Amino acid sequence: MTTTHDQEPVPVATGHLDGPPRWSRRRLLRTMGLGGATVLVAGTGALSYRVYDTAALNPGSGPAFDPWTQWRQLPGPLGAVACAVLAASPHNTQPWYFALGPRSIDVFVDEARGTGAVDPLRREQYVGLGCAVENLVLGGMARGLAPQVTWLPDGNEAGRVAHVELGSGQAQATPLYDAIGRRHTNRGPYSSQTVPAETLAKLVDPSGLDGPTVHWVVDPAPKAALSELLVDAAEALTRDQQQSRDGFVWFRNSHDEIQRHRDGLILDGQGLSPLLLGVAKLLPASSRSDGDQFWVNQTRTVHTATAAAYGVITSTSPDDRRTQLEAGRLLQRIHLAATSRGIALQHMNQITERIDREATTGAVATFAPRFAKLLPDGERPLLTYRVGYPLREARPTPRRSARTVTR
């Protein structure tokens, strides 16, 4: 939530006092970006271990990635859940589990899968749950289950966030359904090609949703102002030690960690070129501070610098749980529609993360007033993303299987 907030710090290494200095991933990537670098690797044993430890020669392999290729194969309600687990979520936390009944599926929040101070009001967690429900509905329709959603049947703060009644009907495999297995957050550079206004409009389908709306930021002046705000928010978040720590715990560095947890942020999802990705995987893992600095630099030089347009989902009541859930459904529709048209999307929620953090700590509000100047009167931001035509395809992230998350 990634998307919705899937920012991934790139691991780096520090030098040692008892031996020659070693290249950090961040330093190496920066140097290679300026025209190439010669990498000296001392000891084939260490190199061989890193190749194995990070699956450098076979990225995106293993059971943690199987859900991306098997989601069409499962029939019935479990197949609908197989679609749901491929939805966007904050830091790829996958904060959901599902209960299958004879003719229904209940969707629950897994409160242990939060990001702490990064999402103190759990705004992004509920948006991610809404994304999962959208995929669940698309998967149910494609299997002829005629799903009908009831939000928050036990109240706003209860663990059950949705009850999905199942019936029978004609199977409907829509273009959005077909895009489920190809939808990934793309953090790489986008081309300079403009996304036409009519194309942006076609990405948005609010039918059946009550509350969230989409505001596109495309004109040069407001786009530049939002870019600056995103960079400032990224810097503020990394200066906040608690937010920095709570985000970094979701980073999975080794192949073993990825296969064990089957969630979280990985180096493959950073949008690097194959050459830089391969070299980065050969270097030792990073410190949190270096990873933070890499993310800030990427936000400044890649994410905001190459965004063709920004989308902001807004509402007059962004703190309402149902509104957050419906915003998630809308966001997932937009991302799937973009994928079906060859348009990349990256979730960029550091501004609202800082807004919520300031609100919960009693700090002076700095980001909310600045963001409000870029939005229609009375509308408040729920989440933000950038779109554009990608220079390279995004890679899949690890996922837990449908059976793992089904009670």
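I began with Arg370, which forms a salt bridge with Asp232; the closest N and O atoms are 2.9 Å apart. I note here that the model is a predicted one. I then looked up where the two partners lie. Arg370 has a relative accessible area of 32% and is partly exposed. Asp232, at 21% relative accessibility, also counts as partly exposed. The cut-off for buried is under 20%, so Asp232 at 21% does not count as buried.

I counted the salt bridges and found 17 in the structure. I took a few of them in turn.

Are the two residues buried or exposed? I find both Asp240 and Arg354 buried.

Arg322 counts as partly exposed at 42% relative accessibility, whereas Glu326 is buried, with a relative accessible area of 1%.

I also noted a network of salt bridges that links Asp110, Arg113, Arg252 and Asp263.

Next I looked for a buried charge without a partner. Asp119 is buried yet has no salt bridge. Which side chain of opposite charge is nearest to Asp119? I find Arg123, 5.5 Å away. A salt bridge needs the nitrogen within 4 Å of a carboxyl oxygen, so Arg123 at 5.5 Å does not qualify as a partner of Asp119. I located Asp119 in the loop between strand 2 (104–109) and helix 5 (123–142). What does the side chain of Asp119 reach? I find the backbone nitrogen of Glu124, at 3.1 Å. Leaving aside residues up to four places away in sequence, Asp119 touches Glu124 and Gln125.

I turned to charges over rings. The charged end of Arg321 sits over the ring of Tyr126, 4.2 Å from its centre. Arg386 lies over the face of Tyr190, and here the distance to the ring centre is 3.6 Å.

Last, I went through the aromatic pairs. The structure holds 4 of them. One is Trp216 with Tyr385, an edge-to-face pair at 5.7 Å centre to centre, with 90° between the planes. Trp216 is in strand 5 (residues 213–217) and Tyr385 in strand 8 (residues 380–388), 169 residues apart, and I list the pair as a link between distant parts of the chain. Tyr385 is buried, with a relative accessible area of 0%. Another pair is Phe248 with Phe251, which I record as stacked: 6.2 Å centre to centre and 20° between the planes. Planes under 30 degrees apart count as stacked, so the 20° of Phe248 and Phe251 falls in that class. Phe248 counts as partly exposed at 22% relative accessibility, and Phe251 counts as buried at 9%.

Definitions and conventions:
Residues are numbered from 1 along each chain as its sequence is written. This is a predicted model: local features need pLDDT of at least 70, side-chain atom pairs count only at pLDDT 80 or more; totals for chains, interfaces and linings use all residues. Side-chain values use heavy atoms; hydrogens and water are left out. Rings of Phe, Tyr and Trp (its six-membered ring) pair if their centres lie within 6.5 Å; planes under 30 degrees apart count as stacked, over 60 as edge-to-face and the rest as tilted. Helices (H or I, at least four residues) and strands (E, at least two) are DSSP runs, numbered from the N terminus. Buried means under 20% relative accessible area, exposed over 50%, partly exposed in between (1.4 Å probe, protein chains only). A charge sits over a ring if NZ of Lys or CZ of Arg is within 6 Å of the ring centre and within 35 degrees of the ring normal. Lys and Arg count as positive and Asp and Glu as negative; His and the chain ends are not counted. A polar contact is a pair of N or O atoms within 3.5 Å; within protein, one must be able to donate a hydrogen and the other to accept it, and residues adjacent in sequence count only if both atoms are side-chain atoms. Contact means heavy atoms within 4.5 Å.
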